[in-house]
Amino acid sequence: MLYREAGDFKTSYQADSQTFPIAFDRYRYWVVLAFAFLVVPFLINDYWANALLVPFLIYAIAAIGLNILTGYCGQVSLGTGGFMAVGAYACYKLMTSFPDVSIVIHIVLAGGITAAVGAAFGLPSLRIKGFYLAVATLAAQFFLVWLFNKVSWFYNYSASGQINAPERTVLGVAVTGPATEPWAQYMICLVFVTVCAIVARNLTRGALGRQWMSIRDMDIAAEIIGVNPLKAKLTAFAVSSFFIGISGALFFAVYLGAVEVGEAFGIQKSFLVLFMIIIGGLGSIFGAFAGAAFLVVLPVVLKVIGVDLLGWPTDLVAHLQLVIVGALIMFFLIKEPHGLAQLWRLAKEKLRLWPFPY
Amino acid sequence: MKMKTLATMAVSATLAAGVASADLVIPDLSYRTGPYAAGGTPFSDGYQDYFNLLNARDGGIGGESIRIVECETGYNTEKGVECYEATKGEGALIYQPLSTGITYQIIPKATVDQIPIHTMGYGRTSAANGEVFNWVFNYPANYWNAASVMVNYLLDENGGDLSGKKIALVYHNSAYGKEPIRTLEELSAMHGFEFTQLAVDHPGQEQKSQWLQIRRERPDYVLMWGWGVMNQVAVQEAANIGFPMENFIGNWWAGAEHDVTPAGDGANGYKSLNMNRIDASLPVFGEITSLVHEAGNAAGDGSNMGSVLYTRGMYAAMLAAEAIAKAQEIHGVADVTPAMVRDGMEALEITEARMAELGMSQIGPEFSVSCENHGGSGLGIVQQWDASAGAWVALTDYIESDMDVILPLIQEDSAAFAAEAGIEPGCL
C-alpha cells in the first residue's frame with residue numbers, strides 16, 4: 001500500500017547494499033531525521049525532554065551497545081549498569097579535572113575508558129559462555145558499583161558520595177547543569193544517538209560485524225573458517241562498552257545531573273537495557289530504538305492513562321506497570337523472540353506485497 | 001516506528017496537560033510501591049489527609065482550596081525527576097520528595113525554576129544555610145543534628161564521657177546514609193570514641209555480614225541510618241545475634257512501628273530518634289477521622305492514623321500549610337505563587353500556642369526560620385519501643401545538638417557547593 005517499488009532499480013552493488021535499499025524507506029529515514037533535528041527542538045519543553053525524549057535517546061545508545069554484544073556477538077551480559085557507571089564516573093572525573101576541555105570530548109573519552117574496562121571484563125568470555133558468562137559479567141556489575149561507592153577519589157571526596165555535573169557548554173550553549181534548556185539537552189543526545197547508530201550500523205554490516213555474527217551462530221564453525229575468536233569477542237566487548245559508556249556519561253551529565261551509583265546504575269539498569277533489546281529485537285539497530293522507546297514511553301503512557309485519565313490510585317498503577325511489562329516480556333519471548341524489529345519486518349513484507357500478501 | 005513513537009508521545013502529552021485551575025497545588029511525590037513503601041505510605045497518607053482536612057474544615061488555606069497532585073516515585077530518582085517535571089507545570093507550590101536522592105536531584109532544578117523544597121529532616125544537610133540554598137529548607141532538624149543528638153544522648157547516659165567506647169554506624173549505602181558520617185567523625189575525634197562504619201547496600205535485605213562483624217567486634221553502641229525494608233532486617237538481625245537492644249539507636253527514619261513489629265519481642269528496647277511526638281489522642285486526629293475518613297476521602301486505606309510516620313507526614317503538611325498562610329499574610333493575596341511561599345517559609349514561626357490551636361499540641365518543637373537559618377532548632381527526642389505494649393515511649397525531652405560542631409561543617413559544605421555551582425551567597 002505504502003510501498004510503490006515499481007521502477008526502483010539498482011545499477012551498482014553499492015546501491016544494492018545500502019542501509020535502506022527501498023526508496024520509500026530511505027525517504028522516510030530522511031524525514032524522521034529532519035523532523036528530529038529541525039522540528040522537535042522548537043516544540044520541546046521540560047516535561048517532554050526529561051520524561052520522554054532524553055531518556056529514550058540515552059537508553060537507545062545503551063541498547064545499541066548491548067545489542068552489539070548480545071544480539072550480534074551472542075555474549076550475554078548483565079554488566080550494563082556497571083559499564084554505564086564507568087562512563088558516568090569517567091565523564092565526571094574528566095569534567096572536574098579538565099574544565100576547559102569540551103564536554104563532547106569528555107563524553108567520547110568516557111566511552112573510550114569504558115571500552116577498555118569492558119574489554120578487560122570480556123576476557124573471561126574466551127573461556128566461558130552462556131549462563132556462566134552472564135554470571136561473570138554480573139560480577140563486573142557488582143564490583144564496579146562497589147568500587148565507585150568505596151573509593152572516594154571517584155566522587156572527589158564529597159560527603160554524600162553523589163556526583164554532580166557542573167555546567168558545561170557546547171558552542172556557548174549550556175548542555176549540562178540546571179540552567180540547561182530542554183532543546184540543548186535534547187540536541188546533544190540526538191547528535192550522539194545519530195552518530196552512534198550510523199557507526200553501529202556500518203560496523204555490524206562490515207567484516208567485523210560478520211565475524212561477530214559468525215561467533216554468535218556457531219563459534220567452532222567460525223573458528224574453522226578463520227575468525228579469530230579472541231579478536232571478535234574482545235572487539236565486541238570493547239565496542240559495546242564504548243556505546244554503553246557514552247550513554248552512561250550522557251545519562252549522568254545531561255539527563256540526571258546528579259547520581260549516586262548504587263541507585264542509578266544498579267542491577268535493575270542492566271536488566272532494563274537487556275529487556276529493551278529483548279523486546280526490541282536482538283541483532284537489530286532498529287530493535288534497540290524500538291525497545292528503548294517502548295520501555296521509556298510505556299510507563300509514562302500507563303501512568304497518564306491510569307492516574308491522570310482514569311484517576312486510579314498511584315500505587316495501583318505502579319503495580320500494574322510491573323505486571324504489564326512482565327507480561328509483555330513473556331509474550332515476546334514466547335510469541336516473537338525476535339521482538340518488535342521482527343514484527344516490523346513482517347509488517348513491511350506484507351505492506352510491500354499488498355494487496356496480495358501471503 | 002520513530003514516527004509512531006512520536007505520535008504516541010504527542011497523545012500522552014496532550015492528555016498530561018489537563019486543566020489548570022487557580023487552586024493551591026501541592027504535589028505529593030510519594031512512594032507506595034517498592035522496598036521503601038512501608039515508610040512512604042503512612043507519610044503520604046498523613047500528608048494528604050491533613051490537606052484534605054483543611055479543605056473540608058476551612059475550605060483550604062485563606063479561602064483557596066488545595067489540590068493535591070500525587071505522583072508515584074518508588075523512591076527512584078529517575079521517576080522522581082519525571083514526577084517533578086510532570087507536576088511543576090501545574091503550578092506546584094512546594095516539593096517534599098521524602099527522598100534524599102531525589103532531593104539532590106531537584107535542588108538545582110527547583111532553584112532555577114524558583115520553587116521551594118522542604119526536606120524535613122532529610123535531604124542535603126548544608127541546605128540549612130539559606131544564604132546559599134535560597135530555595136531549600138530543612139527545618140526543624142537535619143541529619144547532622146540527629147547525629148549530634150545521638151552522641152549527646154549517649155554522653156548523658158555515660159556520665160559525659162565516651163572515651164574508649166566503640167560506636168558503629170550501620171548505614172544505607174547512599175547519599176542518605178552517608179550524610180552523618182562527617183559529623184560523627186568530627187564528634188569521634190572530639191569525644192574520643194572509636195567510630196566504625198558498616199555500609200548496607202540498597203535495598204538492605206542482606207545484612208548478615210554486617211551483623212557478623214558487629215558480633216565479632218562488639219561495639220558498645222550501634223547507630224543506624226536506615227530506611228524501608230533495611231530497618232526491619234537490621235532490627236531482626238540485631239535480635240538474632242543477641243545485641244542488647246537498648247544500645248541500638250536508629251535515626252528518625254528508622255523508628256516506626258512497622259520497623260520493629262516484624263521482630264516481635266526481640267525488638268523490645270530498641271531506641272530511635274524522633275523529631276515529633278507521637279500522641280494518638282491529639283484532637284486533630286479526631287477531626288481527620290470525622291471530616292476526612294468518614295467522608296470517604298482517606299488517602300490510602302486509612303489504617304495508618306496516629307502512627308509515627310503518619311504523624312510526621314501530617315506534621316510536614318502542617319508546616320507547609322502554615323508557610324502558605326504566612327505567605328498569604330505577607331503578600332496580601334490568597335492565590336500565592338511558589339516565590340511567595342518561599343517568603344512565607346523563610347518567615348515561618350511555629351509556637352506552642354499555634355500548635356495547640358491546630359489541635360496538635362506539643363507535636364514538634366517551637367522554632368523560627370530566617371534567611372540565614374533554614375534548618376530550624378535542630379532538636380530531637382529519643383524514644384524506645386515497648387514490644388508488649390506495642391508502642392513507642394518517649395524517653396527524653398527534646399535534646400539539643402552541638403551546633404558548635406555542626407555550623408562550621410554546614411558552612412564548609414555549603415561554601416563548597418556555592419563555589420561548584422557558582423552561587424553568590426546572599427538573601428533574596
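This is a short tour of chain B in a predicted model, with stops at the side that touches chain A and at the boundary between two domains.

**Stop 1: chain B against chain A**

Start by selecting both chains and looking at where they meet. On the chain B side you'll pick up 41 residues, in contact with 40 residues of chain A. To see what builds the chain B side, colour these elements of chain B: α1 (2-17), β2 (66-72), α3 (77-88), α4 (100-113), α6 (175-178) and α15 (403-421), each of which gives two or more residues. Then zoom in on α1(B), which gives the most, with nine residues. Now switch to colouring by residue class: the side of chain B that touches chain A has 13 nonpolar, 15 polar and 13 charged residues.

**Stop 2: the two domains of chain B**

For domain 1, select 22-142 + 279-378 + 410-421, and for domain 2, 143-277 + 380-407. The contact takes 27 residues from domain 1 of chain B and 29 residues from domain 2 of chain B.

**Stop 3: the domain 1 side**

Which elements supply at least two residues of the side of domain 1 of chain B that touches domain 2 of chain B? Select α2 (37-58), α4, α12 (308-331) and α15 of chain B and you have them.

Key. Residues are numbered from 1 along each chain as its sequence is written. Chains are lettered from A and ligands numbered from 1 in the order in which they are written. This is a predicted model: local features need pLDDT of at least 70, side-chain atom pairs count only at pLDDT 80 or more; totals for chains, interfaces and linings use all residues. Two residues are in contact if their C-beta atoms, placed from the backbone, lie within 7 Å. Helices (H or I, at least four residues) and strands (E, at least two) are DSSP runs, numbered from the N terminus. Ala, Val, Leu, Ile, Met, Phe, Trp, Tyr, Cys and Pro count as nonpolar, Asp, Glu, Lys and Arg as charged, and the others, Gly among them, as polar. Domain bounds come from an automatic or database domain assignment.
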